[in-house]
Amino acid sequence: MNPLVLGSNPSGPTILASQRRCIDRRSLRHATRYPLLDCHAGLQVDKNVKGLPELFSNNRRWAATMESRQPGFFSGLTAQQAPRYLWIGCSDSRVPANEIVGLAPGELFVHRNVANLVLHTDFSCLSVLQYAIDVLKVEHVMVVGHYGCGGVQAAWEERQLGLVDNWLQSVRDVAHLYRDPLRQLADDSARLDRLCELNVLVQARRLCRSTVVQQAWDRGQHLVVHAWVYRLTDGLLRDLGFCAASLVTAEEHYARAAGFGTIGTGDAGTCG
Ligand code: CO
């Protein structure tokens, strides 16, 4: 309970003077213990902490531009969100989901993590997936990797970065699984590109095997899972030829797309 809100609410319960003093003492104790939380109340301000005013300035400019382009834009968004797509991509700052596919706020539901992984024990990813499919009724889920992915590269080179090494173990497993075909490629650059593609395909296939997607398909819900890869150097997306609307097509497309060779060259695959 926030004592300041309680005390300033004219329609709230009556507060006796003794209770008021008690609340004030508690507020003071709280402010002493958590100075940063109360910096706006003027009790204690850390002079070294800056509020990033340039970002707020950018934000005000962006909000004004959006509203001038489309009056009522934000009030319309508040009323509902009905995205048709769920994007599962890498956290990399160079891969901004909405911008890449030219979608506005409200049109793309997004989950991002290091190396765009879909793990059956990751409740964050599973919760996003379940909410997007069961509640928002998205029609397409795309797992989107990118060439030049630092996470995939670290896993390939077995570099030690700390806690994140545990997260990236799944990419190491992919590299191990496809060790022989990867070795046959011309150079390390080609191997890394191919590992980025294989990693996306493995995640897309795993997504199809999740209980959430299985149950959606079992009840006849229209849902297509895609595997794409993005190239940082030209800003273009490639379809990896994995486009599944059932577990059968998922297995077929995985077997074909994960075959030997770099395949991320086309613009759009055919859906099965
Ligand atoms: Co990445």
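In what order do the five strands of the open sheet run? The order is β2-β1-β3-β4-β5, with mixed pairing. This is a predicted model, where local features need pLDDT of at least 70, side-chain atom pairs count only at pLDDT 80 or more, and totals for chains, interfaces and linings use all residues. Residues are numbered from 1 along each chain as its sequence is written.

**The sheet**
- β2 (108-113) and β5 (236-244) stand at the edges with a single partner strand each, so one side of each has no neighbour in the sheet.
- Strands here are DSSP runs (E, at least two residues), as are helices (H or I, at least four), numbered from the N terminus; strands pair if DSSP finds at least two bridges between them.
- Strand β4 (residues 224-231) joins β5 in the antiparallel sense over seven bridges, and Val-229 stands opposite Arg-238 in β5.

**A glycine in β5**
- Gly-241 is found in strand β5 and is buried, with 22 other C-beta atoms within 10 Å (20 or more count as buried; C-beta atoms are placed from the backbone).
- Its C-alpha atom is separated by 9.3 Å from that of Leu-201, 40 residues apart along the chain.

**Two packed helices**
- Helix α9 (residues 169-177) and helix α11 (residues 188-208) pack at about 110 degrees, with axes 10 Å apart; axes are lines fitted to C-alpha atoms over the stretch in contact, and angles run from 0 to 180 degrees between N-to-C directions.
- α9 and α11 are therefore roughly perpendicular to each other (65 to 115 degrees).
- Val-171, Val-174 and Ala-175 in α9 meet Leu-195, Leu-198, Asn-199 and Val-202 in α11, with C-beta atoms, placed from the backbone, within 7 Å counting as contact.

Conventions:
A residue is buried if 20 or more other C-beta atoms lie within 10 Å of its own, exposed if 12 or fewer, and partly exposed in between; C-beta atoms are placed from the backbone. Angles under 35 degrees count as roughly parallel, over 145 as roughly antiparallel, 65 to 115 as roughly perpendicular and the rest as oblique. Two residues are in contact if their C-beta atoms, placed from the backbone, lie within 7 Å.
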